[in-house]
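Dear colleague,

I am handing over a structure to you with this email, and below it I set out what was found in it. Please read the notes with the structure open beside them.

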Amino acid sequence: MDMSLSQNRKFKTYLFFSIIWTFIIIYLLIFFKPSNAKNIDVMFIDKIIHFSLFFIESYLVTKCFKLSKINSKKSLIIILIPLVIFSIMIEVIQVYLPFRSYDLLDLSANVLGFFIGSFIAIFFGN
């Protein structure tokens with residue numbers, strides 16, 4: 001894995017932000033206690049938030065993977081499997097929290113965010 005100084009700096013930057021973003025996701029989806037406001041508008045915004053959180057995470061992780069110059073025909077699978085498992089774990093943990101609940105639509109928004117974020121990073125990222 002021979003990287004130029006510029007690539008190494010970009011790799012470390014994307015790695016740093018992907019780790020920070022993972023902790024932000026964990027905080028927001030496990031430890032943050034939402035208000036009790038439940039209406040239709042908030043529910044749709046919730047799905048957009050889930051999609052956005054995991055879209056950004058997937059984009060950052062995929063950019064790290066691309067900058068590491070690991071050449072693999074299965075790179076998308078190597079990226080997405082752990083991210084999907086992370087998403088499922090977050091939703092399963094929410095079952096055991098009194099102020100959270102498991103929602104299949106949340107999980108779907110998470111997974112959709114992962115796929116689209118990785119797709120954009122792989123095919124449209126520099």
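A salt bridge is taken here to be a side-chain nitrogen of Lys or Arg within 4 Å of a carboxyl oxygen of Asp or Glu. Please keep in mind that this is a predicted model. By that rule the count comes to 3 salt bridges, and I take them one by one.

In one of them the side chains of D46 and K47 meet, with a distance of 3.2 Å from N to O. D46 counts as partly exposed, at 25% relative accessibility, while K47 counts as buried, at 18%, because buried means under 20% relative accessible area.

Another salt bridge brings together the side chains of K47 and D103, at 2.7 Å from N to O. This pair links distant parts of the chain, since K47 is in helix α2 (residues 40-67) and D103 is in the loop between α3 and α4 (104-123), 56 residues apart. D103 itself is partly exposed, with a relative accessible area of 23%.

There is also a salt bridge between D106 and K47, in which the closest N and O atoms are 2.8 Å apart. Because D106 lies in helix α4 and K47 in helix α2, the pair ties together parts that are 59 residues apart in sequence. D106 counts as buried, at 5% relative accessibility. Through shared partners, these salt bridges join D46, K47, D103 and D106 into one network.

A second topic is the surface. I88, V92, V95, Y96, Y102 and L104 form a nonpolar patch there, and together they have about 610 Å² of accessible area. The largest share of this patch, 3 residues, comes from α3. V92, whose place is in helix α3, is partly exposed, with a relative accessible area of 38%.

If its neighbours within four places in sequence are left aside, Q94 is in contact with L29, R100 and S101.

With best regards

Methods:
Residues numbered from 1 in each chain as written. Predicted model: local features only at pLDDT ≥ 70, side-chain atom pairs only at ≥ 80, totals over all residues. Heavy atoms only, no water. Contact = heavy atoms within 4.5 Å. Patch = residues over 30% accessible without salt bridge, like charges linked within 9 Å, V, L, I, M, F, W, Y side chains within 5 Å. Areas by Shrake-Rupley, 256 points an atom, 1.4 Å probe, with all protein chains shown as cover. Helix = DSSP H or I, 4+ residues; strand = E, 2+ residues; numbered from the N terminus. Buried < 20%, exposed > 50% of the residue type's maximum accessible area, 1.4 Å probe, protein only.
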